[in-house]
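Trainee: May we go through this structure together, one question at a time?

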Amino acid sequence: MEAVLAITIGALFAASVYLMLDRNLMRFLFGLTLITNAVNLSIFSVGRLKSNIPPLIPEGERAPIEPVANALPQALVLTAIVIGFGLFAFALILTLRAYTSFGTLQTDEIRLAEPRKDDA
Amino acid sequence: MSWYLSMPLIVPFATAIISYLLRDRAVGRWSSVLGSVVALGFALLLMAQVLQNGIVAGQMGNWPAPFGITLVADYLSAIMVVITGIVGVTIAIYATGDIAPKLEQLGFHAMFQILLAGVTGAFLTGDLFNLYVWFEVMLISSFGLLVLGGKPVQIDGAVKYVALNLVSTVLFLTAIAILYGMTGSLNLADLGRIVPNMDDTGLVTVVAMLFMIAFGVKAAVFPLFFWLPASYHTPTFSVSALFAALLTKVGVYALIRMFTLVFTHDIAFTHTILLWVACLTMVTGVVGAAAQTDFRKVLSFHIISQIGYMVLGLALYTPLAIAGAVFYLVHHIIVKANLFLVSGVAERTAGSTDLYKIGGLYSSAPLLAALFVVPAFSLAGFPPLSGFWAKYVLVKASLDLQFWWAAFAALAVGLLTIFSMTKIWGEAFWKPHPDRVEPTLDLLGWRKWRLLTPIAILAAGTLIIGLFPAPFFALAETAAGQLLSPEAYIEAVLGVTQ
């Protein structure tokens, strides 16, 4: 299972880097969502995929009896998903505004903040 | 439960809610000022606690470390929280005159306070994942502040800012994942105990490099700084000043924290890279500044070159050098915020931030000229201002280690800083205004004192640090001592001795 996850994460990273190298802002954004999910998966897998038993302690005991799933990476991934979703929503709206302001999504052509010498 | 650790965080959040609810009224902006003053008060209380008891650690929800969420304040954290409070108060006052009511209705003050909360949280947290969360709090509010008003130039700056900062966030999270996989812990103190004793130093170095790149983007070091001069000159002046003062410093703080507490396994390798990064950052930043002709762009490039000095202090890794880095952090936050605030007044009186389109500020606004000279000379390192001592300590530290070229780079960059400051001086202040207008301070109208008071306060701060450096330097030295021997930090958090 770990091997499958590792390959998936690698493939996702590769695909997202390919997308993020594009000059089109939209493709960059898709790359960014993809890489966020790749990172989430890697957090999940570093928590050791041992068992799927919930980490609950039976009544009267002080520790779980059988080996249980690690709850911490799941909490971390949940937080990271929420944050990533918020950031993606913002970036999407920003891209929309950029498109309405400049009429293009090619990052090379958006040079208002840093004009070339011959433009000015 | 140590309430003085959480209060500097709770107050800005509460202020954000209040000032958002009152955003349609004039009282909203004063609630933001008042909230900042209260936050500064709590920051000073925390500082007093730290001065009295040494390192203060608190476990939120009474979960023992390393399982719960830890807030911890050593000297460095406390100093940074206090300086954040000071910057918060001064820029909140400035914002009452600078921010148009339309932007206030969009929630400027709420985002401003949340940014302060994020910065304070990043300084106080003792947990790596919480550091990530605080970075995000800071990041999302800075996105909001950056595009507030929605001018096309702001959108353009924000695209670059958002893109590169999100990439750095992804790298940061990846590094956290790998480190967690290796150690099974996210608590900084716990990591500080585990990581230096790990067998596989190669893998640790890989993770260290990932963290260095992630924080390097945040701190805008060479060669990762391109988002900064692309965006910092676009938002309102209050926002520029706030970003310039605090955001990059959080990156530097995170670098200092990680590379003194956790990644000390292979100093010869990691800190040599930092040394090269520091020198190249200093040089490229100041060369970039020399090429610019916009007030705020010159200042933006100067942030980069000054970041180099702080990283230099970390890279040299001696008690004197680290103390110099801490001293430099404080000095630079005050000075840089001040310079951006001055640029705001210059734009309001002379009509532009383009240096070729303005002038005459010296003859018609001598008070502003005097207030500009203090931070500008301090940035370049003239005695007896704060920048002189900060640079002196770092140069001395590099000479002690016989890094002649690092000392030479630091001194040469100081000289070049003067060169670009004289450019601002000559163009904006000395030469007559090209349109023959007299940019007097009376043009500011009712805003005059709201804009000038914060500048005067920060200039006074620079002067005080410059004239009486001994107590401030003693603080920085204690902070450096704690950073270089993290046993006390680990003990305060985990409650065990090694």
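Trainee: At roughly what angle do the axes of α14(B) and α16(B) cross?

Mentor: Helices here are DSSP runs (H or I, at least four residues), numbered from the N terminus. Axes are lines fitted to C-alpha atoms over the stretch in contact, with angles from 0 to 180 degrees between N-to-C directions. For α14(B) and helix α16 (residues 366-380) of chain B, the axes come within 9 Å and the crossing angle is roughly 145 degrees.

Trainee: On what basis are the values computed?

Mentor: The model is predicted, local features need pLDDT of at least 70, side-chain atom pairs count only at pLDDT 80 or more, and totals for chains, interfaces and linings use all residues. Residues are numbered from 1 along each chain as its sequence is written, chains are lettered from A and ligands numbered from 1 in the order in which they are written, and side-chain values use heavy atoms, leaving out hydrogens and water.

Trainee: How many nonpolar residues has the contact of α14(B) with α16(B)?

Mentor: Contact means heavy atoms within 4.5 Å. Residues of α14(B), including B:V335, B:N338 and B:L339, meet residues of α16(B), among them B:F372 and B:P375. Ala, Val, Leu, Ile, Met, Phe, Trp, Tyr, Cys and Pro count as nonpolar, Asp, Glu, Lys and Arg as charged, and the others, Gly among them, as polar. By these classes, one residue of the contact is charged, four are polar and 11 are nonpolar.

Trainee: Is B:N338 buried or exposed?

Mentor: B:N338 belongs to helix α14 (residues 319-350) of chain B. Beyond four places in sequence, B:N338 contacts B:P375, B:I455, B:L458 and B:A459. Buried means under 20% relative accessible area, exposed over 50%, and partly exposed in between (1.4 Å probe, protein chains only). Because its relative accessible area is 0%, B:N338 is buried.

Trainee: How are α6(B) and α9(B) oriented to each other?

Mentor: Helix α6 (residues 128-147) and helix α9 (residues 201-219), both of chain B, pack with axes 13 Å apart at an angle of about 25 degrees. Angles under 35 degrees count as roughly parallel, over 145 as roughly antiparallel, 65 to 115 as roughly perpendicular and the rest as oblique. Therefore α6(B) and α9(B) are roughly parallel.

Trainee: Which residues in α9(B) meet α6(B)?

Mentor: The contact divides into six nonpolar, no polar and one charged residues. From α6(B) come B:L128, B:L131, B:F135 and B:L139, and their partners in α9(B) are B:F211, B:F215 and B:K218.

Trainee: Which residues of the largest nonpolar core touch the most other members?

Mentor: A nonpolar core is a set of buried Ala, Val, Leu, Ile, Met, Phe, Trp, Tyr and Cys residues joined through side-chain atoms within 4.5 Å. One of the residues asked for, B:I424, contacts B:F295, B:V298, B:L299, B:L355, B:F372 and B:F429, leaving aside neighbours within four places in sequence. Among the 217 residues of the core, those with the most such contacts are B:L128, B:F172, B:F211, B:F263 and B:I424.

Trainee: Where is the cis peptide bond with omega of about -5 degrees?

Mentor: The loop between α9 and α10 of chain B holds B:P223. In that loop also lies B:A220, whose phi is near 60 degrees, a positive value in a residue other than glycine. The cis bond joins B:F222 and B:P223.

Technical notes
Helix = DSSP H or I, 4+ residues; strand = E, 2+ residues; numbered from the N terminus.
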